[in-house]
Amino acid sequence: MSEQPHSFKRLVLGLQPSAPDRTMQLAVELADLLHLDLLGLFLEDTGLRDLASMPFAREFRSLGGGWHAIDLDRLSHDFELAARNIERMFTEAAKRLPTRSQFEIVRGPLAKTFASVSRTDDIVMIVEPISPAERATQQFVWLVQAAFQSAAAVMLVPPQIARTKGPIVAIAATPDDPSIHAAAAIAVAAKEELIVIEAKGVALPDPAICAQAFRQTQERLIVMTRGAFGDKAALAIAAARRVPVLVIEPPVSDETAAAQSRPPQSNR
C-alpha cells in the first residue's frame, strides 16, 4: 500500500437553501488554512421537482391552511431566490481567500452530482442543519449518503462547533492508519499538536466509550479513515465531540490502481 499522505487540493462545500453565514466562514477558514481552492456547490435535488409534478403530491403549510398541491412554479421561484442569496453570501465570504473560489448551481440526483463533480483530492464539507427537523429530512440523509459515495474525503460539521483551536486528533484502527498521515499534515498547517488515539475494536459511537477515549482532549478536528469504523461512527463522534470530523479514503494500493486502469476483458 502507498505510504504517501493525503494531499488535498480543493474544498467542496455542499450548500442548501438554509445554509447560514457560519458555514461560509468555516469553509473559507479551512480553505485558507490548508491552501485549498474553494467550490461552493448549491444543490437542487431534481427528485423534489419530480415529486411536485405528480398530481397526488401534497405539502403541508402551517400558516397556509393545511395540505395543498405542490406549486412547481413557486418551488422554482423560491429556489432561484435562495440560490442568488446563497451566491451573494458565498462571494462575500470568499472575497479575501488567496486561493481560487467558485460558485456553481447544480441540478440532478445528489449521488450523480457528487460523483461527476468531486475528485479524489477533494474534501466535501457537509454542515449539519441547526434544526433537528432539517437534520431528520430525507434530503439531508441523501446528501450525506451521496457525499460518502463520492471519491472525495468527507468532512462532517456539527450544527454547533465547540472549539476552533486545539489539537488535531487521528483515530487510528492500526499503527499505520492513513488518518495519522492526514492529521499530521493538517496539524503542521494549523500549527497545532497531533494526538493519535488507538481505537482498534473500540465501539466509538457509544457516548461513554467515546468520552473515555478522548478524556480531556480539547481537539478542534478529528480525522478518521473510511471503512475503519463506519460512516455512522463519524456522525456520532461529530455530534458527541461537537467538532468537525474528516473521513478520508484509504490509499489505493499499487495493485488495485493497476487493475482499475486496465481495460475490461472481452468475454469472447
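In which sense do β8 and β9 pair, and over how many bridges? They pair in the parallel sense, over 5 bridges. The model described here is predicted.

## The sheet

The open sheet is built from 9 strands, and its pairing is mixed. The strand order is β5-β2-β1-β6-β7-β11-β10-β8-β9. β5 (101–107) and β9 (194–198) stand at the edges with a single partner strand each, so one side of each has no neighbour in the sheet. From one strand to the next the twist averages 25 degrees.

In the part of the sheet that holds β1 and β2, strand β1 (residues 10–15) pairs with strand β2 (residues 37–44) in the parallel sense, over 6 bridges. Within this pairing, Leu-11 has Leu-38 of β2 as its bridge partner. Helix α4 (residues 110–117) packs on the sheet and touches β1, β2, β5 and β6 (122–127). The direction of α4 makes about 160 degrees with that of β2.

Another helix, α9 (residues 231–241), lies across β7 (153–157), β8 (168–172), β10 (221–225) and β11 (245–248). α9 runs at about 165 degrees to β10.

β8 is mostly covered, with 5 of its 5 residues buried. Side chains in a regular strand alternate between the two faces of the sheet. In β8 both faces are covered: Ile-168, Ala-170 and Ala-172 are buried on one side, and Val-169 and Ile-171 are buried on the other.

β8 also pairs with β10, in parallel, through 3 bridges. The bridge partner of Ala-170 in β10 is Val-223. In β9, the partner of Ala-172 is Glu-198. Between β8 and β9 the chain passes through helix α7 (residues 178–190), and this β-α-β crossover is right-handed.

| Helix | Residues | Span, first to last C-alpha | Expected span |
|---|---|---|---|
| α1 | 14 residues | 20 Å | 20 Å |
| α7 | 13 residues | 19 Å | 18 Å |

For α1, the span is close to the expected value at 1.5 Å a residue. The span of α7 is likewise close to its expected value.

The buried residues of α7 are Pro-178, Ser-179, Ile-180, Ala-182, Ala-183, Ile-186, Ala-187 and Ala-190. An α-helix has 3.6 residues a turn, so residues three or four places apart point the same way. The cover over the buried residues of α7 includes α1 (21–34), β8, β9, β10 and β11.

In α1, the buried residues are Thr-23, Met-24, Leu-26, Ala-27, Val-28, Leu-30, Ala-31 and Leu-34. The residue that follows α1 is His-35, with a positive phi near 60 degrees. Lys-191 follows α7, and its phi is also positive, near 55 degrees.

At the start of α7, a side-chain oxygen of Asp-177 comes to within 2.8 Å of the backbone nitrogen of Ser-179. The side chain of Asp-177 also joins that of Thr-225 in a polar contact of 2.4 Å. Leaving aside residues up to four places away in sequence, Asp-177 touches Ile-171, Ala-172, Thr-225 and Ala-228. Ile-171 and Ala-172 are among the buried residues of β8. Asp-177 and Val-196 are 19 residues apart in sequence, and their C-alpha atoms are 10.0 Å apart in space.

## Arg-241, in α9

Arg-241 belongs to helix α9. Its relative accessibility is 14%, so Arg-241 counts as buried.

Note on methods: Residues are numbered from 1 along each chain as its sequence is written. This is a predicted model: local features need pLDDT of at least 70, side-chain atom pairs count only at pLDDT 80 or more; totals for chains, interfaces and linings use all residues. Side-chain values use heavy atoms; hydrogens and water are left out. Two strands pair if DSSP finds at least two bridges between them. Helices (H or I, at least four residues) and strands (E, at least two) are DSSP runs, numbered from the N terminus. Axes are lines fitted to C-alpha atoms, for helices over the stretch in contact, and angles run from 0 to 180 degrees between N-to-C directions. Contact means heavy atoms within 4.5 Å. Buried means under 20% relative accessible area, exposed over 50%, partly exposed in between (1.4 Å probe, protein chains only). A crossover is right-handed if, with the strands pointing away from the viewer, the path from the first strand over the helix to the second runs clockwise. The expected span of a helix is 1.5 Å times one less than its number of residues. A polar contact is a pair of N or O atoms within 3.5 Å; within protein, one must be able to donate a hydrogen and the other to accept it, and residues adjacent in sequence count only if both atoms are side-chain atoms.
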